[in-house]
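Subject: Structure handover

Hi there,

Here is the structure I promised to pass on to you. Please have a look at it first, and then read on for my notes on what turned up.

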Amino acid sequence: MSQSLTPSRRRPGRLLAALAISAGLIGAACGGDDGGTSTETTAGAGTETTAAGGTETTAAATTVPPPTTEAGIEPVAGGKVIMGIEADTSNPWRPAEMLCAIACHQVIRNIYDSLTMPNDEGSWSPYLAESVTPNDDFTVWTITARDGVTFHDGTPFDGAAIADNLTRGQAGITTGAILRSVTDVSVDPADPMSAVVTVSASWAAFPFALIGQVGYMASPAWLAASDAETTLKTAPVGTGPFVYADYKPNELFRMTKNPDYWNAPYPYLDELEFRPISDGLNRRDALSSGTIDMLHTGNGQNIAEYRVSDEVNYTEITNNGETGYTLLHVTQEGSPLQDRRVRCALAYATDNPALNETIGASVNELANGPFSPTQIGYLEDSGFPMEQDMAMAQQLIAEYKAEFPGPISLALATTQDQTNLTIAQFQQQWWIEAGIDEVTIDQIDQASYILTAAFGDFQVFQWRNHGGFDLDQQYFWWHSTAAADVGALALNFGRIKDPALDALLDENRASDDPARKQEIAEEVNRLFATECYNLWGSYSTWGIASKTNVQPPTGFELPDGKNVVFGAGISGVFYAMTVWVEP
Amino acid sequence: MSYVLRRLAQTLFVVVAVTFLTSIALRLMPGGEQVLIGLTTGPGATPEQAAAKVKELGLDRPLLVQYFSWMGDFVTGSWGNTWQTNQAIATEVKRAMPTSLYLMVYGQFLALLLAIPTAVWSAYRQNTRFDRMASTSAFGMLSLPNFIVAPILVLIFSVTWKIFPFPSFYRSLWDAPVEHFKAFALPSVTIAIPLYAGYMRLLRADMIASLQSDFITTARAKGVSTPRLLFVHGLRPSLFSLVTSAAVNIGALMGGVVIVEQFFQLNGMGRLTVESIFRREYPTVQYAVVILALIYISVNFFVDLAYAWIDPRVRASRALG
Amino acid sequence: MTDIDVITSENAPLVPVVATQPRPRKLRRRGRVAKWLAVSWLVFLTISAIGANSFPYINHSCDQFEKSIDCSTASKGSLVKIEMPPVWATWEEPGKDLPNQAASAGLMGTDTNGRDIFARSMLGARNSLLIAGLAITFGLAIGTFLGMIAGYFRGWIDMVIENVTNVMLAFPALLLIIFLVTFFNDPSTSSAAPRPLWPIIVALVLLSIPPLTRLVRANTIAYAQRDFVVAARSLGAKGSRILFREILPNIVPTLLSFALTGLALLIVAEGGLAFLGLSVEVPVPTWGSMIGSGVTPLRQGVWWISLMPALVMFLTVLSINLLGDVLAQRFNRREAIG
């Protein structure tokens, strides 16, 4: 059966003609979000865990390096680019306090550098840090600051700065959760350019955590000043390629070139401005109308169009992407979802390939587990039902009802976004056909959506998560210690309390044997498939489209000679400092 | 003097009632304090962090105390910062007000510019083809939701013909007048359409009645020219409903055109209020509500003055009532 | 909300312009045809709305299909029939290029879930008209009552009612709606509970009361000064008798005109609420929610999902208006004596 990638967006001319006709007949003159296959909710806190575990050596999964500039074409300095992104950020912009999701990282990585970066060998490289060295049993880490680097306000970058930032990180909400096993942070007495971090349990992959929010280094002078004068909190000062110029919530974030950036020749642009445009179609129209120069999108339709369009430059980011899925609350009192048969019935009843094709334009790859093809633990066949089997679903429900007679009802929570609603309605239909007696769909406003999950106030929930690299980055999403009671905030939204899963997660955290870690991750993958804790959708793809004279972002060479990787640890991240404009 | 006092008392009553009801309504939003904590701290906050946040925001005090504290802050001008973005609330409101003001003014202007002549001519030429078309199309416009009109306008004028920017990022009138008008063009038209329809029908109905009056017949007999007859003698006494409606719409447009503001990304008072409601930014909502209430009351006051000007008979009739 | 406040515009002078109503010209031939078209449309709509699920032209039987997923009617979607254009729009391609594409597409096409839009429009008529109709009815009842006692008895009753009306008008409409809708839904999303209809109706009622009260009050004041009322009073008639026997019958034409316009505006207003996600839950159809959910496809070139229900809504609103005008003219002829 053929599936063309013909964009479903039609020539506006036809639409206009139709409109003209309608207008003539009537005689009178007569617009959430991006839609992915599953969900495009950007959360406030925590969808992007930057906690990492990982291996020192090459993982079995291969990483895909981002494109590099074509040979022979020299980037030109200068110019200004306006970029449309998904959302604005809550509690901006201090590293320990901000609730950083994709749109946040995309913006703030230009102001802050992170201590380490992911490289194309499946590991990490020091970036802002000169080196990150462990002791023998990985309980003491020494982070050395790069020489000659100063913050935008002139403050020198040294061990004290690192220590200050990490200490504040310990007090933060998300960063604090990641750094929970850290017992001490202090300046190295022997070397003022280094900071020493002590952890309570062997943490072989600590440097991976420094790729993200925990590793953002802000100027201690600014941090202290904004403690006193809180409106300064939104004027961040870092070491990055761009300097803060202006921020207006929900409107723009403008930054100008840092002429003394330590990683020459970057950046190329003189000025960079980010504009949050939450509706994916609005973003698309903004680019078409020329109001913005570049955008970032996860919407399958848009991506399908951009892939074949010659009106825009287009780059795709598929590494270590998040997974869109339906989250189930599995330990709720009295809920039918406590039973494996009901959960798996829902999985068998859903026709995922059809959804991906019709609604997602087949842009994304179907998911069979939480790990996308470049993440550790990915399996071609995890045991999760990938095809609809309504008979099986009905059989499972019948079995359950034989044991627990009575009607089954489910509440499905989703956002206001049209695509998610469409998917939810299909799911509702299928599940009723499978034997669930009642399925209601609850639309929740964007602001409190993630909180509904965090409080455990849901049964079925559309979500997107689990980007990253190493299994350890998912620790707090799945471990039973993070499963607070309903009514309290928890990161383990589904309240999964599985001793087998806990054991695997704990073992992975302490291990530095890459082969064993691979096995563990794969076991976790299979466990999820057997228990049907979540209903997997598809792996997200991100695309960056820009005007034809704006060269999209590429990779770059890290100080140690390796190449950087898009998105590892933080799905959808790219490097704006590599963007340049053709004059 | 007692008139002034009475109006002041009324004003105070309305403001207090509206803001107090707002306070209560905010508290009763689903999720209650929990959602607020979650939004201002983050999922993963420990109970201690949550409790500390509650104290920091002053939410452990009884409702009345909080209410008076916020109202006091409003009056003294120390409005504080938003809870989640650390922006001075005063700044946010100062940014939102001009946007709403411009939108309201341009929308009303466009609507009235078209409505008054059309209505006058329709009333004069009642039941002719012009009148039927104008009336029907006006009613049609009333039934066109703005969330359909806006994307169509954008499709035509922004995406296809690239005349106007989309979204309409606000540009100040003083800094960049051309961009300013371009930014407000499509949103103003979107708003103006239902306004026009309402005004047209209103004015037409009142004009029709006026044109039957004796003094019109007299003036006509005295040989007054048609335009003068229509626009000077006929229009003035017919303005009641129009003025009332336009006045009420001032308040409504300032605070209520959320859909248009959201779609075009113009950060006006409507959007500020609604987003603050969903994000549980209590002080912001309170202050926005107070301002909108005050605007509504002032508009009412001026409308009453306008009535007296429109028709001296009103002053007399008012004396009765 | 601007839409609601346009209701205010229809009639809110503190003192109405009292003048004799013009004698209407004979309705032209075209006018009569239009009137009958309007009536027949409304009749058709009402019958369809009431019996939506039983009529075959609305609810195609699903028994004939092997997999229920192939059956496309008002409530059962079909992955095979997503975004198919109406049968008469022969120049259009389907919104999605799907394998095993169905041949037929229905009178108004299918939506993003593959459901027949015509069938849903008929079902939606039921919900939209119910919500708007109930809201305007209750609003009328309460507003008329309040307006009459305020306008007739004056004094402190009038002052209280006026202040309350002011508060209601100054209170941000959207906040009221958000609060009512979200508070009275089952706040917990951890159990299946369809959204009740009445919070939206209550919200719309509360929004229509103030302008109605004003209108009725103004009219009552004017009529209370008229000779026949003075006469009745001097004959010893009690207040309530005067209100119901003398004043109310005279207000009825204005009220009727207001009611019809209000109905139309509330239908649109409900649409706005549905667009913001504040109306009945999905997948229950209302015209507003159908139009709203069609906006995204509209911007991608798939126009029938929102424009077809918009057309139905427009025709309905137009018919109501036409009928309203006709009725008003009938009443006005009789009024000329007053």
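Let me begin with chain A, which has 16 helices and 21 strands. Of the 583 residues in chain A, 62% are buried. Please keep in mind as you read that this is a predicted model.

Chain B is built from 15 helices and zero strands. Its C-alpha trace spans about 85 × 60 × 35 Å along the principal axes. Chain B has 321 residues, and buried residues make up 51% of them. If you take the contacts in chain B with a separation of 6 or more, 70% are between residues 24 or more positions apart.

Two helix pairs in chain B

The crossing of H7(B) past H8(B) is right-handed. On the H7(B) side, the contact is made by Asn146(B), Val149(B), Ala150(B), Leu153(B), Val154(B) and Phe157(B). H8(B) brings Leu186(B), Val189(B), Thr190(B), Ile193(B) and Pro194(B) to that contact. Sorted by class, the contact of H7(B) with H8(B) holds nine nonpolar and two polar residues, with no charged ones.

The second pair is helix H11 (residues 239-256) and helix H13 (residues 269-278) of chain B, whose axes come within 5 Å and cross at roughly 55°. H11(B) and H13(B) are therefore oblique to each other. Met254(B), Gly255(B) and Gly256(B) of H11(B) meet Met269(B), Gly270(B) and Thr273(B) of H13(B) in this contact. By class, the contact of H11(B) with H13(B) has two nonpolar, four polar and no charged residues.

Where the chains meet

The contact between chain B and chain A takes 43 residues from chain B and 44 residues from chain A. On the side of chain B that touches chain A, the elements giving two or more residues are helix H2 (32-40), helix H3 (47-56), helix H6 (129-142) and H7 of chain B. H7(B) gives the most to this side, with 10 residues. Which classes do the residues on the side of chain B that touches chain A divide into? They are 22 nonpolar, 19 polar and two charged.

Chain B also meets chain C: 59 residues of chain B are in contact with 52 residues of chain C. Several helices of chain C give two or more residues to the side that touches chain B, among them helix H4 (155-170), helix H8 (239-275) and helix H11 (304-335). That side of chain C has 34 nonpolar, 13 polar and five charged residues.

The nonpolar core

The largest nonpolar core has 349 residues, and those touching the most other members are Ala345(A), Tyr196(B) and Ala293(B). What is Ala293(B) in contact with, leaving aside its neighbours within four places in sequence? The partners are Val14(B), Val15(B), Val18(B) and Ala170(C).

Best wishes

Terms used: Residues are numbered from 1 along each chain as its sequence is written. Chains are lettered from A and ligands numbered from 1 in the order in which they are written. This is a predicted model: local features need pLDDT of at least 70, side-chain atom pairs count only at pLDDT 80 or more; totals for chains, interfaces and linings use all residues. A crossing is left-handed if the near helix is turned anticlockwise from the far one by less than a right angle, and right-handed if clockwise. Helices (H or I, at least four residues) and strands (E, at least two) are DSSP runs, numbered from the N terminus. Two residues are in contact if their C-beta atoms, placed from the backbone, lie within 7 Å. Ala, Val, Leu, Ile, Met, Phe, Trp, Tyr, Cys and Pro count as nonpolar, Asp, Glu, Lys and Arg as charged, and the others, Gly among them, as polar. A nonpolar core is a set of buried Ala, Val, Leu, Ile, Met, Phe, Trp, Tyr and Cys residues joined through C-beta atoms within 7 Å. A residue is buried if 20 or more other C-beta atoms lie within 10 Å of its own, exposed if 12 or fewer, and partly exposed in between; C-beta atoms are placed from the backbone. Axes are lines fitted to C-alpha atoms, for helices over the stretch in contact, and angles run from 0 to 180 degrees between N-to-C directions. Angles under 35 degrees count as roughly parallel, over 145 as roughly antiparallel, 65 to 115 as roughly perpendicular and the rest as oblique.
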